[in-house]
Amino acid sequence: MKKSEEFTMERRELFRMLGGAALGSAFLSAGGALMPGLQAKALANADWRLSGKDLITALHERRSCRFFDKKPLPEADLKEILFSGMNAPSTHDVRPWHFIVADKIEMLDRLVKINSKAAFMSAAGAVVVVCLDKATQLTEENSRESLLFSVACSVMNMWLTADALGYGTVWVEVMPDTDRMAAVKDLFKLPAHIDPVCFLPIGKPASKGGANLRFEAERVHMNGW
């Protein structure tokens, strides 16, 4: 067995042992200390990561997906995606995010009622409701806007991981629509300090697109406008 395969199996076993709500809190509080050898292996055996070529290909082929095949999202893949979301950079490492996973058909249908323009969400394997924790301590260098940027980074991490695993997704807006935000807060009984930012429906694409090259040289300015 290759070292990269051994590491992946060990990490998935850790996900299985943690399970559900414990996944995020355990990792965030323990800082990787739950399995001392795991972090060392990650650093010593970097070949488990995407290579530069694979990452660039994923970036170039990333597409917004609004057509899914209605198949459920396996738990292991979902946890892999959430793991990547929580590994996103954040201002001063405050990690101002919370994720709610909706995978029951009746719950997906209720999300569609909140945003009728996104009826395709009912065919997704799961929808991650990405939220901002307003209780995160603010400073002169750590504004509410910077917290939102951090949450956006977590979304991009999950998006690229979903793509790497063969899934599609798209950012479905909740914030800043106050009616949608209120409906989501009511549906999930969110605490006052938690604001929903967006929906991230994830599922197998019903059709696959090709490369999505958008480079525009006229938008690049060297050393000034």
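Modeller: Do keep in mind that this is a predicted model.

Biologist: Thanks! Which residue in β5 is the bridge partner of D133?

Modeller: In β5, the residue bridged to D133 is I194.

Biologist: How many bridges join strand β3 to β5, and which residue in β5 is the bridge partner of G168?

Modeller: Strand β3 covers residues 168-169 and runs antiparallel to β5, with 2 bridges between them. G168 has its bridge partner in β5, namely G203.

Biologist: And for strand β4, which residue in β5 pairs with E173 as its bridge partner?

Modeller: β4 (residues 172-173) is joined to β5 by 2 bridges, and these strands run antiparallel too. For E173, the bridge partner in β5 is C198.

Biologist: Why is strand β5 described as largely enclosed by the rest of the structure?

Modeller: Buried here means under 20% relative accessible area. Strand β5 spans residues 194-203, and it is largely enclosed because the number of its residues that are buried is 10 of the 10.

Biologist: Let's turn to the helices. At what angle do α5 and α7 pack?

Modeller: Helix α5 takes in residues 75-86 and helix α7 residues 144-164, with their axes 7 Å apart. α5 passes α7 in a right-handed crossing. The packing angle is about 145°.

Biologist: Which residues of α7 are met by α5, and how many residues of the contact are charged?

Modeller: From α5, the residues involved are E80, I81, L82, S84 and G85. They meet S154, N157, M158, T161 and A162 in α7. The residues of this contact divide into 4 nonpolar and 5 polar, and the charged ones number 1.

Biologist: Is K79 buried or exposed, and which side chain does K79 join in a polar contact?

Modeller: K79 lies in helix α5. Its relative accessible area is 7%, and the cut-off for buried is under 20%, so K79 is buried. The K79 side chain makes a polar contact of 2.8 Å with the side chain of E75.

Biologist: Last one, for the whole chain: what percentage of contacts between residues at least 6 apart in sequence join residues at least 24 apart?

Modeller: The chain has 8 helices and 5 strands. Of its 225 residues, 41% are buried. Among the contacts you ask about, the share is 76%.

Definitions and conventions
Residues are numbered from 1 along each chain as its sequence is written. This is a predicted model: local features need pLDDT of at least 70, side-chain atom pairs count only at pLDDT 80 or more; totals for chains, interfaces and linings use all residues. Side-chain values use heavy atoms; hydrogens and water are left out. Axes are lines fitted to C-alpha atoms, for helices over the stretch in contact, and angles run from 0 to 180 degrees between N-to-C directions. Helices (H or I, at least four residues) and strands (E, at least two) are DSSP runs, numbered from the N terminus. A crossing is left-handed if the near helix is turned anticlockwise from the far one by less than a right angle, and right-handed if clockwise. Contact means heavy atoms within 4.5 Å. Ala, Val, Leu, Ile, Met, Phe, Trp, Tyr, Cys and Pro count as nonpolar, Asp, Glu, Lys and Arg as charged, and the others, Gly among them, as polar. Buried means under 20% relative accessible area, exposed over 50%, partly exposed in between (1.4 Å probe, protein chains only). Two strands pair if DSSP finds at least two bridges between them. A polar contact is a pair of N or O atoms within 3.5 Å; within protein, one must be able to donate a hydrogen and the other to accept it, and residues adjacent in sequence count only if both atoms are side-chain atoms.
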